[in-house]
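Subject: Structure for your review

Dear colleague,

Please find below the sequence and structure that I am handing over to you. My findings follow directly after it.

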Amino acid sequence: MMMKKRGVNAVWDSITNLAAGRTRSYEYPRQPLPEWNVGEEEYLFLHNLNILDVDVGKIRDERGLLVRNRRIEELVLPQDFESVRANYRIEKEIDGDGQYLIPGLSDLHCHVSLVSEFGAGLKEMSYWDAQRLKNSEETLKQGCTFIRDCGGSWQILEYLKSEIEANRLPGPRIMTSHAPITPRGGMWDEGVLANYLAPLFFGGKMFRGNKRVGFPRNEREILDVMAVLDEGGCDFFKTYFEDKPIYGHKQTTVYTMFSPQQARLIRERADQCGKKVAAHSLFIKGSRRAIEAGLDTLEHCTVDAPYTLDDAKTMAQRGIAIVPTLSIGCFLAMECGGQGYPDDPEVRFFAELRKRNAVAHARQVAVPQLWKSYQRFFEWLDTRFEVRKMPIVGKVYPERVHGFAHFAPESIRNFQEAGVRVGVGTDGGTGITFCGFLENEFEALHRYGYSKAQVLRMATLGNMEILGLEDNLGSLEEGKYADMVLLDDNPFEDLIACKKVRMVFKDGRLVYEWIKEK
C-alpha cells in the first residue's frame, strides 16, 4: 500500500516520476515478514540458548524462555525444559542450537525518513519514498528493534509506523518527535521559499492538521508549536540550540538561539505534556544553555570545545544524558587538505572507519537507483580540497567539521568520570550514516574506554533507561516485551558478533530470519 499524498507533495511526486520516465510512483518490492502462526495468547518456547544478561555483563544460568502475549513470561533452567513442555500448551518451539540471545538493540538518534540529498536530481528523488521503506527494513535486519527518530515529516513517520504495526513492512518500534522546534532566524530557517519547499525534501507534511506553524519568534509561538506537536502525537520534543554553521552561510553567521528563559519555558511545557526534550547542540554555548534549562538529552558531541568535567558533573547531577552520535565523525572527517586538524589521530580514525565500514553500509542500505548518489558522496569526501564546498549548501569550515573528532575523546572521558548516561545513536539518515547500523558507534565507544559489555548495555538497557522505558524494554527479563535478537557469537567477547544477526523478534513475533544464500 503506497502512501497517499496531496497538494504540493502530490504535484512534486508527479514531476519526479516524469523525470524518471514514469507516470506513477515507483513501487518498492518490500521484504515480506516470515510466516508466523503463534497467536498472542499461545506459547512460544525458545531453548538451548545462551541468554545474555546485559545489566551485569554475563550469560544467565537459564537457557530457555517462554513467551506469551508479547512478553517474556518465564526464564527457564535447562533441567526444567521437560516440565515446561508438560505444563504448557506450546504452539511453537525454536532450538537456539547454542546461539546467543540478546535484547533488541536500539538507535537513540536517527532519522529513518531522511535520505541523503547529495548529488540527487529529480530522477533520484522519485526513489526517495522507496529508500524510506528500505531504511526501515534494514534497521530491523541489524537487530535494531527500537529507534528514536529525531526529526522528520509527521506524514511519512506516521505512515511508516502504521505499515510496521500492521505487519506490512519490517521495521522497528519508532519513537517520534516529528518536526523539530527551532526559533525564527535559527538553524534551518532558510527563508520563506525554502521553508515552504521543505516538505518536498522531507517527503510530506511536517505537522498534523492544517494549522500552519513554523519558526517561533516568542514565548506564545513556542507554546503554539509545542501544542500542535503534542496534539499531533509526538512522543518527545526535539529542539535546536545551535549558534553557528559547520558549513553553509558564512563562517561569521550567528544563528538565533532560544534564550535561557525560552529554554526553561520549553522544559516546563514539556513537563506538563509528560514528554522529554532532546536538544541538538554541536557548539558548546548551546549545550550549556540546554544544560542550564535541564533538558533531558543533548544530541551530538561538540565541534568547538569539549564538554568540561564541570559540564559533565552538572549533567550527571541533573540527570541529563548525551547521545554523542559518534558515527557522524565518519562524515565530518572529510579530506580538507591542510585545513582543520588533518593530522589528528581521531580525525584519521573516523576517516578510516568511513572507508572500512560506511561504504559497505551504504551498499547494503541504498536502493540500487540511489547507489551512485552515495558513491559520489564518498568520492567527494575523500577528494582533497583546500577550500571545500558542499554542493548547494556552501563552504565547509574545516576546524568545525574536524573539531567533532578532535574534541570527542576528552568529552567522553569527562562523561565517564562524572557518571553521565551516554546513549547510543547514529544520526542515521543524514550524510553517510544509516539507522540501526551501530558498528561505528560500538567501535568508537570501545576505543574511548568502555568495555564490550558496557557498550552492549548502553545500546540496550542503557538507552531505555535514558528514555524511562526500562520497565518494559532493554533486557531479557520476565514481564518485559519479547524484543530479542539471536546471534551466532558472543558479543561480550567481540562486538562484531552483533553484525551476525540470525533472527529478530519483536513483541514475541519473528520479524526477520537470516536465510543463507544458495
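Phe 331 is buried, because its relative accessible area is 9%; buried means under 20% relative accessible area, exposed over 50% and partly exposed in between, with a 1.4 Å probe and protein chains only. Tyr 247 has a relative accessible area of 23% and is therefore partly exposed.

The model is a predicted one, in which local features need pLDDT of at least 70 and side-chain atom pairs count only at pLDDT 80 or more, while totals for chains, interfaces and linings use all residues. Residues are numbered from 1 along each chain as its sequence is written, and side-chain values use heavy atoms, with hydrogens and water left out.

Aromatic pairs

Rings of Phe, Tyr and Trp (its six-membered ring) pair if their centres lie within 6.5 Å; planes under 30 degrees apart count as stacked, over 60 as edge-to-face and the rest as tilted. By this rule there are 14 aromatic pairs. In one of them, the ring centres of Tyr 247 and Phe 331 are 6.2 Å apart and the planes stand at 70 degrees, so the pair is edge-to-face. This pair links distant parts of the chain, 84 residues apart: Tyr 247 is in the loop between β11 (237–240) and α8 (260–273), and Phe 331 is in helix α11 (residues 329–332). Helices (H or I, at least four residues) and strands (E, at least two) are DSSP runs, numbered from the N terminus.

The rings of Phe 434 and Phe 437 have centres 6.4 Å apart and planes at 65 degrees, so they too form an edge-to-face pair. Both Phe 434 and Phe 437 are buried. Ring pairs also join Phe 118, Tyr 247, Phe 331, Phe 377 and Trp 380 into a cluster.

Asn 135

Asn 135 lies in helix α4 (residues 128–141). Its relative accessibility is 7%, so Asn 135 counts as buried. Leaving aside residues up to four places away in sequence, Asn 135 touches Val 112, Leu 114 and Val 365, where contact means heavy atoms within 4.5 Å.

Helices α15 and α16

Phe 442, Leu 445 and His 446 of α15 make the contact with Lys 452, Val 455, Met 458 and Ala 459 of α16.

Yours sincerely
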